[in-house]
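I opened the model to look up a few points of strand pairing, helix packing and chain contact. My notes follow in the order in which I checked them.

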Amino acid sequence: MVPKLSLLSSLLPIIFFILFCFKTSIKGLWVIFIYNTTSFLFDVFVAASRWGMHHKLLLWNVYGMFEFLIIAYFFFLVTKQRLLRFLILLFSALYLIFFFLSYRSDSDQFNSMMSSIGSVIILILSLSFIITSLGPSSIPVDVFTPVFLIVVGILFYVSSTLFLYLIANNLSNDEMQKYWRINDYSNILTNVIFSSAFLLYRFQHKNPTHESHSVDFTSPNDR
Amino acid sequence: MILLQALNSDNNISMVLFFGTIGMLALTIGLIVFISFHQRKVIRYQQQLQRMEQDQQKTLLNASIRLQEEERQRIAADLHDDAGPLLATARLYLNENFVNLDKQTQLQSIYNAKQIIDDTIQLIRNISHSLMPPTLKNFGLESAVNDLFQKISGSGSMNASSRFHDYRERLKSENELIIFRVIQELINNILKHSNASFIHLTQNTSGNRFFIRLHHDGRGLTQADFEKLGKSNVGLGLKNIQSRLKVLQGKIFFEKDMSQTYYKVTIEMNREEDLRPAIESN
């Protein structure tokens with residue numbers, strides 16, 4: 001029931017994006033839309049195909065890398081600080097190197113180490129983004145923008161699944177089945193937050209008075 | 001990882017997972033709650049600042065409007081009470097009966113009317129000079145201020161002197177007028193309230209900054225007094241100074257001398273804007 005709900009919840013941000021943000025020029029939102037779409041298609045593929053079902057763990061490992069890279073790209077787009085952008089590139093490069101070094105195509109185990117490292121990096125990026133957004137400013141900054149909500153969603157996702165990824169290698173198949181629900185619940189929560197972000201985008205762009213008071217953290221170059 | 005590898009039992013794994021996930025979620029929720037409160041506080045503080053600034057602007061605008069109205073009333077009163085009767089008297093000398101008068105009386109009437117018209121011209125000139133001092137217009141701020149100080153000194157009630165150290169290039173005429181009005185207002189206040197025996201004005205520049213400093217030995221204001229008066233309903237002249245200096249993006253500081261004997265008033269403004277057209281035209 002929960003995995004199905006998790007799969008269906010992936011549709012929610014996709015629908016919301018198509019309905020409310022399809023004309024947006026904010027690249028960060030487009031990246032999240034692509035992430036949601038690929039995530040949904042991947043989940044459908046794993047659930048529906050026999051091959052996918054059979055190589056589930058291998059696919060999860062590869063998808064974990066894709067997920068890390070796409071979220072890192074999202075942070076790269078929405079971050080203004082040069083240092084942070086440089087760190088994102090550096091971390092992504094290191095992550096890829098480690099991923100390929102530790103990759104074994106015949107492995108039938110979940111790559112706990114790379115998933116955890118990826119989660120920790122994303123967690124650091126989310127926190128850095130929030131801290132730099134709240135930095136000393138002479139103008140009142142409304143942090144509740146679609147981009148900020150998406151970062152909150154990502155933060156919830158990585159913080160709630162970090163421990164699951166950390167101990168995934170120590171779990172038996174039955175335990176994995178049992179505890180993987182944490183991932184499903186996080187997925188549902190994240191999808192709801194992403195959908196709210198797209199709805200907020202619609203709300204802010206429908207009410208120019210609200211827009212004038214808010215500052216989107218997306219770099220002007222990204223628009 | 002080592003710690004986790006040491007975990008074998010299902011129960012321990014459940015505990016780590018449970019507390020780890022709950023802990024991380026609690027931290028995240030705590031962070032979000034902190035951000036919302038922090039942001040709300042910052043926005044409230046900024047709104048308060050904005051409101052205060054708006055109130056200040058409103059007070060300055062009101063002061064400026066009131067001053068303008070007072071100035072208009074003064075000019076209207078001068079014209080109505082002085083120029084009006086003078087011109088009416090001149091008209092009396094040149095009334096319809098004028099042609100019936102004998103030559104001697106006619107000449108006398110013309111002479112009287114001419115005298116009255118001369119007086120009226122002088123009166124109107126004075127009014128016009130009070131609106132825009134000709135010395136300021138023709139010779140600049142330095143001459144106008146020197147002229148003003150000479151007049152004060154000449155009255156014998158106070159020793160007044162001024163010295164411009166670095167005024168080779170004139171400021172824009174509208175800016176000169178604003179500074180002159182500010183100096184006039186300050187002098188007026190010193191004459192009215194301070195009971196000083198001397199006033200000394202110096203002008204200087206430092207980089208792009210233009211300074212005017214007034215010293216006097218009477219009872220003066222400190223910055224705290226100035227700010228207090230600026231917020232209250234009294235002190236129309238001081239509010240007027242503030243609003244004039246705002247146009248120049250200038251600042252004014254009231255302080256007591258290091259020796260605690262004299263009061264200092266310093267006007268500071270940026271000269272960059274003023275010099276730019278001159279440099280560009282060169």
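**Strands of chain B**

I started with B:Arg213, whose bridge partner in S5(B) is B:Thr266. This is a predicted model, so I take these pairings as predicted ones. I then looked up the whole pairing: S3(B) and strand S5 (residues 263–270) of chain B run antiparallel and are joined by eight bridges.

For the other neighbour, I found strand S2 (residues 198–206) of chain B paired with S3(B) over eight bridges, also in the antiparallel sense. There B:Thr205 has B:Phe210 of S3(B) as its bridge partner. The hairpin of S2(B) and S3(B) has two residues between the strands, and I noted a positive phi near 65° at B:Gly207.

Next I checked the side chains along S3(B). B:Phe210, B:Ile212, B:Leu214 and B:His216 point to one face and are buried.

**Helices of chain B**

I looked up helix H5 (residues 141–154) and helix H6 (residues 173–194) of chain B, which pack at an angle of about 20° with axes 10 Å apart. The angle makes H5(B) roughly parallel to H6(B). Their crossing is right-handed. By class, I read nine nonpolar, no polar and one charged residues in this contact.

**Chain A against chain B**

I found 19 residues of chain A in contact with 19 residues of chain B. H8(A) gives the most to the chain A side, with 10 residues. By class, that side has 15 nonpolar, three polar and one charged residues.

Notes. Residues numbered from 1 in each chain as written. Chains lettered and ligands numbered in written order. Predicted model: local features only at pLDDT ≥ 70, side-chain atom pairs only at ≥ 80, totals over all residues. Axes fitted to C-alpha atoms, helices over the stretch in contact; angles between N-to-C directions. Helix = DSSP H or I, 4+ residues; strand = E, 2+ residues; numbered from the N terminus. Parallel < 35°, antiparallel > 145°, perpendicular 65-115°, else oblique. Left-handed = near helix turned anticlockwise from the far one by under 90°. Nonpolar A, V, L, I, M, F, W, Y, C, P; charged D, E, K, R; others polar. Contact = placed C-beta atoms within 7 Å. Buried ≥ 20, exposed ≤ 12 C-beta atoms within 10 Å, placed from the backbone. Pairing = 2+ DSSP bridges.
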